[in-house]
Amino acid sequence: MTDRFLIIGQGILGACVAYELSQRQPNADITVIAAHPLNSGATATGASWGWVNAHTDNDQYYFDFRNASRMLWHDLLADHPDLAAQILPSLVYDLDPEALDAAFLHHRNWGYPVNLLSHNEIQQVTPIFRNAPPKALLTQGELGVEQHIVAEQLLAKSNATCRTAYVHSMILKDGTVTGAMTDQGAVYADKVILAAGHGIPPLLRRLGIHFQLAKSTGLLVRSTPMAPFLDHMIMGHEFHIRQSADGSVLIGGAFDADHGDADLDQAVENLCNLVRLNFDLPSDLEVHKYSLGTRVLPMDGRPKIGFVAPYDTLYALAMHGGVTNAPMAAKTCVDDLLGEPRDTRSLTYDFASSPLSFDPINKDSSDV
Ligand SMILES: Cc1cc2nc3c(=O)[nH]c(=O)nc-3n(C[C@H](O)[C@H](O)[C@H](O)COP(=O)(O)OP(=O)(O)OC[C@H]3O[C@@H](n4cnc5c(N)ncnc54)[C@H](O)[C@@H]3O)c2cc1C
């Protein structure tokens with residue numbers, strides 16, 4: 001009998017899981033449901049800067065996981081050169097000088113393709129700097145991914161059935177999750193995979209499971225297309241900048257209403273001015289659009305991937321850095337769903353591994 005898989009979420013994680021499942025079990029019956037258009041502000045995938053990388057904020061275990069995922073992106077791109085992603089070098093100097101030195105040593109010792117450049121070397125590598133920083137990390141083999149386009153491409157390649165619907169709750173029969181109740185009616189499946197980003201906590205709450213995400217937002221500005229001038233991704237103090245293949249410039253910055261930021265238009269203007277101040281641009285920077293995205297950030301900052309106990313037909317994936325992590329997270333998910341052993345680099349990232357973020361609660365005391 002063909003296994004029926006229901007994936008809730010068409011963001012980069014849901015799309016990668018659908019693709020990986022279709023490769024590993026070609027006869028699988030896969031349905032992927034989403035409530036929102038992919039490029040809408042309602043999804044993290046629609047508001048992401050799309051940098052695939054494996055450095056900073058690492059212990060070695062997380063580094064190994066991210067780096068394995070970076071290499072899986074290379075494999076995906078080799079198999080499908082049409083994917084909307086570019087392999088690019090990065091210049092990183094958004095850390096204080098000691099932290100930059102430490103990051104360089106750690107990551108070089110872990111085998112990451114990284115160098116530490118001086119002011120003059122940076123100016124040579126990226127002549128558009130008005131005044132290059134004193135030093136920066138130069139990494140190779142990272143990617144800039146147009147993740148909302150790639151998600152659509154992978155969904156198309158998976159041949160999954162894609163539907164627009166809002167999921168209200170899981171369907172339970174004799175204590176087993178057998179599907180999801182949507183605003184279009186019931187959808188039944190042998191395995192249900194929650195890749196619903198911020199939709200995961202409310203859906204689990206209805207099962208009496210408390211799963212919390214931290215509050216964290218980020219600003220993303222996209223310019224109108226400009227002549228090609230930037231062949232690096234640059235992580236500077238207070239801004240990230242890269243140029244996508246269509247010429248538009250993507251600028252990432254901070255904006256958090258919960259931590260005192262109030263005027264979004266002013267924050268956009270300040271971010272653009274930082275870029276104008278730091279770089280020689282081929283023409284004036286004009287804003288095409290901007291978005292304020294909410295990160296899918298587990299309380300301990302690490303990915304949560306696994307079956308949601310006590311349900312052995314319910315699986316969930318939630319993480320920040322999801323563009324980087326999606327191929328490895330999807331591989332882990334499909335290993336688990338097919339009962340195959342996990343890659344040792346994924347062993348830490350069980351859904352229930354953090355008591356801070358996973359805590360079965362008494363249903364009577366829930367707010368639902
Ligand atoms: C500002 C910002 C910058 C970022 N930059 C980077 C970066 O440079 N590199 C990187 O690796 N990561 C980055 N990230 C993180 C990355 O974008 C996310 O980790 C990733 O997009 C999460 O994808 P997802 O598929 O889990 O969730 P989402 O993209 O949020 O998708 C959730 C899906 O679930 C669906 N859904 C939710 N609830 C329901 C429901 N009840 N019924 C039906 N469907 C539902 C939605 O419609 C959507 O399809 C950034 C994030 C932000 C916000």
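Which residue stands opposite valine 167 in strand 9?

Mentor: Threonine 182 in strand 9 stands opposite valine 167. Two points on reading the model come before the rest. Residues are numbered from 1 along each chain as its sequence is written. This is a predicted model, so local features need pLDDT of at least 70, side-chain atom pairs count only at pLDDT 80 or more, and totals for chains, interfaces and linings use all residues.

Now the sheet. Strands here are DSSP runs of E with at least two residues, and helices are runs of H or I with at least four; both are numbered from the N terminus. Two strands pair if DSSP finds at least two bridges between them. In general, strands of a sheet pair through backbone hydrogen bonds, either parallel or antiparallel.

Take strand 8 and strand 9. Six bridges join them, and they run antiparallel. They form a hairpin with two residues between them. Aspartate 174 sits in that turn, with a positive phi of about 50°.

Next, strand 9 (residues 176-182) and strand 10. Four bridges pair them, again in the antiparallel sense. Alanine 180 stands opposite valine 187 in strand 10.

Step back to the chain. The protein chain is divided into domain 1 (4-46 + 149-213 + 298-365) and domain 2 (88-141 + 215-297). These bounds come from an automatic or database domain assignment. The C-alpha centres of the two domains lie 31 Å apart. Across the boundary, 11 residues of domain 1 are in contact with seven residues of domain 2. Contact means C-beta atoms, placed from the backbone, within 7 Å. On the side of domain 1 that touches domain 2, five residues are nonpolar, six are polar and none is charged. Ala, Val, Leu, Ile, Met, Phe, Trp, Tyr, Cys and Pro count as nonpolar; Asp, Glu, Lys and Arg count as charged; the others, Gly among them, count as polar.

Technical notes. Two residues are in contact if their C-beta atoms, placed from the backbone, lie within 7 Å.
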